[in-house]
Amino acid sequence: MSTISRRKLITTGLSATAGAGGLAVATRLAQRYGLIPPDGGGLYGPGETLTYAAQRLLTRHSLAREFAPSQISKVPFANEVGPLGGEFRRLQEGAFAGWRLAVDGLVAHPQFFSLGDLKSFPWRSQITLLACEEGWSYIAEWRGVPLSLILNVVGTLSQARYVVYRSIQPDWWESIDMVDALHPQTLVTHGMNGGELPVEFGGPLRLRVPRQLGYKNVKYITSLTVSDSLKGFGKGLGSASPEGGYAWYAGI
């Protein structure tokens with residue numbers, strides 16, 4: 001008789017209980033294995049939990065599809081953003097030489113990285129799809145530093161579970177778990193389609209998480225905070241997105 005892995009057993013249990021209408025049972029099973037998302041409470045919590053737990057068990061190491069250069073969108077869509085403010089304009093006028101990415105929280109060596117620092121690190125490029133929850137999408141070549149490399153430089157502590165990232169735009173922040181933070185395709189992006197990352201697409205720095213929908217790919221990032229909990233951030237739902245009615249986990 002073949003041995004059934006624990007992952008297969010848990011996934012089968014989640015699917016079976018959900019299929020039978022037992023979302024509460026599936027939630028308890030997910031909780032037992034630490035697979036409850038920060039927005040796992042409330043009316044839609046069981047559904048969010050089932051989605052997140054199943055994805056983590058089934059696609060933990062999967063890669064987002066990468067495309068050929070010939071498939072890059074000729075006219076990528078830059079969705080409108082609100083006013084970026086005087087501080088951003090001053091930094092832009094100085095070619096972003098003064099831009100800093102702060103990395104703190106559960107790390108051995110909190111640091112500030114300049115744009116020049118980040119560009120000096122080994123970089124990776126990928127041609128991936130950015131898909132928006134509003135229905136539009138485009139394919140582009142993205143170039144940047146793997147987030148895992150930055151986390152290694154600062155010395156992420158063993159109890160880390162999440163990375164919170166913030167934009168220069170007020171109240172715009174997101175977070176991902178360590179599975180996505182350490183994923184090889186998750187980049188602190190500073191380039192696009194062979195050039196610098198344009199401002200309208202998030203320049204000078206954007207977190208690119210190609211396994212999740214567009215709103216998880218925050219533009220103009222200024223800080224990363226490594227944490228073991230998301231309860232102390234905002235309303236404790238993991239990001240500004242669920243506070244506005246979207247899911248914290250937006251896997252595709």
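Analyst: A nonpolar core here is a set of buried Ala, Val, Leu, Ile, Met, Phe, Trp, Tyr and Cys residues joined through side-chain atoms within 4.5 Å. Buried means under 20% relative accessible area. The model is predicted.

Start with the packing. The largest nonpolar core has 33 residues, and within it Leu-118 and Val-188 touch the most other members. Several elements give two or more residues to this core: helices α4 (85-93), α5 (115-120), α6 (147-154) and α7 (178-181), and strands β1 (100-105), β5 (162-167) and β10 (221-227). The top contributor is α6, which gives four residues. Take Leu-118 on its own. Setting aside residues up to four places away in sequence, Leu-118 touches Leu-101, Phe-113, Val-145, Ile-150, Val-188, His-190 and Leu-205. Another core lies apart from the largest one. That other core has nine residues, including Cys-132, Ala-140, Met-192 and Leu-197.

Now the aromatic rings. The whole structure holds 14 aromatic pairs. One of them joins Phe-113 and Phe-121 edge-to-face, with 5.7 Å between ring centres and 75° between the planes. Phe-113 and Phe-121 are both buried. Tyr-138 and Phe-201 form another edge-to-face pair, at 5.7 Å centre to centre and 80° between the planes. This pair bridges the sequence: Tyr-138 belongs to strand β4 (residues 137-146), while Phe-201 sits in the loop between β8 (195-196) and β9 (206-208), so parts 63 residues apart are tied together. Tyr-138 and Phe-201 are buried as well. They also belong to one aromatic cluster with Phe-77, Trp-136 and Trp-142. A charged side chain meets a ring elsewhere: Arg-143 lies over the face of Trp-123, 5.9 Å from the ring centre.

Charged pairs come next. Side chains of opposite charge can pair when their charged atoms come close. A search of the whole structure finds six salt bridges. Arg-56 and Asp-180 form one of them, at 2.9 Å from N to O. Arg-56 lies in helix α3 (residues 45-58) and Asp-180 in helix α7, so this bridge ties together parts 124 residues apart in sequence. Arg-56 and Asp-180 are both buried.

Lys-119 and Glu-196 meet in another bridge, at 2.5 Å from N to O. Here helix α5, which holds Lys-119, is linked to strand β8, which holds Glu-196, across 77 residues.

Lys-216 lies in the loop between β9 and β10, and Glu-174 lies in strand β6 (residues 173-177), so the pair ties together parts 42 residues apart in sequence. Lys-216 counts as buried because its relative accessibility is 0%. Glu-174 is buried too, with a relative accessible area of 1%. Shared partners also build a network: salt bridges join Arg-56, Asp-177, Asp-180 and Arg-211.

Glu-174 has a second polar partner in Ser-239. The two side chains make a polar contact at 2.9 Å. Ser-239 sits in the loop between β10 and α8 (240-243). Its relative accessibility is 0%, so Ser-239 counts as buried. A polar atom of the Ser-239 side chain also lies 3.2 Å from the backbone nitrogen of Ser-241.

One last stop is Glu-48, in helix α3. Arg-56 lies in this helix too. Glu-48 has a relative accessible area of 21%, so it counts as partly exposed. The C-alpha atoms of Glu-48 and Ala-247 are 7.1 Å apart, although 199 residues separate them along the chain. Leaving aside neighbours within four places in sequence, Glu-48 is in contact with Ala-247, Pro-37 and Asp-39.

Note on methods. Residues numbered from 1 in each chain as written. Predicted model: local features only at pLDDT ≥ 70, side-chain atom pairs only at ≥ 80, totals over all residues. Heavy atoms only, no water. Phe/Tyr/Trp six-rings, centres within 6.5 Å; stacked < 30°, edge-to-face > 60°. Buried < 20%, exposed > 50% of the residue type's maximum accessible area, 1.4 Å probe, protein only. Lys NZ or Arg CZ within 6 Å of the ring centre and 35° of its normal. Contact = heavy atoms within 4.5 Å. Polar contact = N/O pair within 3.5 Å; in protein donor to acceptor, adjacent residues only side chain to side chain. Salt bridge = Lys/Arg side-chain N within 4 Å of Asp/Glu carboxyl O.
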